[in-house]
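Thanks for coming. I will walk through one model today, so please have the sequence and the structure open.

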There are 2 protein chains.
Amino acid sequence: MNAPAQAAAVTRAAFEHAAPREVRRAIREGAWSANTKRFALGHHQANVTIVPERHAFDFMRFCMRNPKALPLLDVTDPGDPVPRHAAPDGDVRTDCGEYCVLREGRLVERVRDLHALWRDDHVAFFTGCNLSLDRAMLEAGIPLPHLVDEQAFPGQFRASIACRPAGVFRGPLVVSLRPIRDDLLVPVIELTSRYALCHGAPVHVGDPAAIGIADLAKVDWGRPNTIPAGHTPVFWACGITAQAAALACGIPEIITHAPGRMFVTDLVVTPSH
Amino acid sequence: MNAPAQAAAVTRAAFEHAAPREVRRAIREGAWSANTKRFALGHHQANVTIVPERHAFDFMRFCMRNPKALPLLDVTDPGDPVPRHAAPDGDVRTDCGEYCVLREGRLVERVRDLHALWRDDHVAFFTGCNLSLDRAMLEAGIPLPHLVDEQAFPGQFRASIACRPAGVFRGPLVVSLRPIRDDLLVPVIELTSRYALCHGAPVHVGDPAAIGIADLAKVDWGRPNTIPAGHTPVFWACGITAQAAALACGIPEIITHAPGRMFVTDLVVTPSH
């Protein structure tokens, strides 16, 4: 392991039990810009999608109609960079490690903060994320690769499942793959089903071809996972669905967090029962 | 009891176990226009709020920020009178027994259907309702007055609790009063807490003055309830909060269902645990 990676690993461990506002401050001040897995365990980490006000009602209906992919945690007023419910002292322009700018259906740049791009008509949507479940997974003894391996990260794929459209927004459901040990399939499905705001139960278990995924090595986002012997591929709805819709609809501009660089909120993750 | 009231009572009993689409058809065809209490038991009955598209994103955030009063069940596309999720063969223009038209902060008329008023930029919001809990209440043996008395109906009051504003929408939380027998307080609170889409747990138990209600005889909507000996007044957030916001914000036009004349959806009421 080279020195910078080691330094990063030390810092990552420090954030595991940090308060959400400490994570946000570190990111805002430039002390951290990589992924946020295992950060501020037990709090909701959010996907961020920023659209102009003229597309905001369409996007909010798109979230409501596709709640497994885009469970709504907070929505800002136009021009307000603060998620008043999810993180009253946060700032959506600075508190993700990196952002993607998509224009007319193409990813055109990745930027470190949004001060130069933020406008008075921008609306920010915060939607739930699988990483928010890391504490529940750890406590239940579920050995997910990304929980134990610094480099591992789920792969994401466009599935052959269409989202329910709303206004200009349409596109495929994006799913994230986690290989689950066969004897843990039922406990994992049972556990995740209790967390609707973290994508809930899987959308598919087993043969990837059944949801239009021909080759697990060809991820659309993230890194390929191998499926070890005695494991089954399990697919959850994924917040990157918003980026796929942005690419599909080709509106002039959408800004999102960069995959894995989530906005860490103050909201505590709680099961439904 | 006079003859028309008796005829209505017979018809009401017939709707108790009717399918939601039968209730909607009867209302659409003019066979019923009074309140829908105990209708299609076990299905969500919805408050309806119709706003022009230019105010729809504000109103959707207002619902999201005040989820106990306005839990979202469905939102239509602009100009589409069909709630595609909640009632795919329904029509918001005809399937409530009566509608209120509020213009610039005043109730200006009540109409039987909306064909003459419906516009291409109209958006309809469907939000949860206490009446949706009638089956769960009956099964739990909770003797609410409106469940046993044809004439009884909860009273509703403007509370001294402000809603979280969103855009043009602001106003007081409206609460509905139900007198609960003291030995049933815990079971009723426990039961209702499981139904977030039906307003969830009460917002207040006991002294009405604590939430700004000086006189239980002076209702803002509905009819006064008496509080029998050995009962406690219990207050739940109420969907009429949308009408109070419409009156407070004074936008050019909002259309709602008339109180008690709910839109009966196909959605099945389920507890969270």
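Where is the place of A:Ala40? A:Ala40 sits in the loop between helix H2 (20-28) and strand E1 (43-52) of chain A. Helices (H or I, at least four residues) and strands (E, at least two) are DSSP runs, numbered from the N terminus.

Before going on, some housekeeping. This is a predicted model, in which local features need pLDDT of at least 70 and side-chain atom pairs count only at pLDDT 80 or more, while totals for chains, interfaces and linings use all residues. Residues are numbered from 1 along each chain as its sequence is written, and chains are lettered from A and ligands numbered from 1 in the order in which they are written.

Back to A:Ala40. Its phi is near 45°, a positive value in a residue other than glycine. Why does A:Ala40 count as buried? Because A:Ala40 has 25 C-beta neighbours inside 10 Å. The rule is that a residue is buried if 20 or more other C-beta atoms lie within 10 Å of its own, exposed if 12 or fewer, and partly exposed in between, with C-beta atoms placed from the backbone.

A:His199 is another non-glycine residue with positive phi, near 85°. A:His199 lies in the loop between helix H6 (185-193) and E8 of chain A. A:His199 counts as buried because it has 27 C-beta neighbours inside 10 Å.

Strand E8 leads us to the sheet. In chain A, 5 strands form an open sheet in the order E8-E10-E7-E6-E9, with antiparallel pairing. Two strands pair if DSSP finds at least two bridges between them. Strand E8 (204-205) and strand E9 (221-222) of chain A are the edge strands, each pairing on one side only. Further in, strand E7 (residues 172-181) and strand E10 (residues 231-237) of chain A run antiparallel and are joined by 7 bridges. A:Arg178 has A:Val234 in E10(A) as its bridge partner.

Helix H7 (residues 241-249) of chain A packs on this sheet, touching strand E6 (155-162), E7 and E10 of chain A. Contact here puts the C-beta atoms of two residues, placed from the backbone, within 7 Å. The direction of H7(A) makes about 150° with that of E7(A); axes are lines fitted to C-alpha atoms, for helices over the stretch in contact, and angles run from 0 to 180 degrees between N-to-C directions. H7(A) is mostly covered, with 7 of its 9 residues buried, including A:Thr241, A:Gln243 and A:Cys249. After H7(A) comes A:Gly250, whose phi is positive, near 65°.

Chain B also has an open sheet of 5 strands, in the order E8-E10-E7-E6-E9, with antiparallel pairing. There, strand E6 (residues 155-162) and E9(B) pair over 2 bridges, and B:Gln156 stands opposite B:Trp221 in E9(B).

Now the two chains together. How many residues does the contact take from chain A and from chain B? It takes 11 residues from chain A and 11 residues from chain B. On the side of chain A that touches chain B, H3(A) gives the most, with 5 residues.

Last, the core. The largest nonpolar core has 146 residues, and those with the most contacts inside it are A:Met60, A:Val175, B:Met60 and B:Val175. Such a core is a set of buried Ala, Val, Leu, Ile, Met, Phe, Trp, Tyr and Cys residues joined through C-beta atoms within 7 Å. Not counting residues up to four places away in sequence, B:Met60 touches A:Phe57, A:Met60 and B:Val75.
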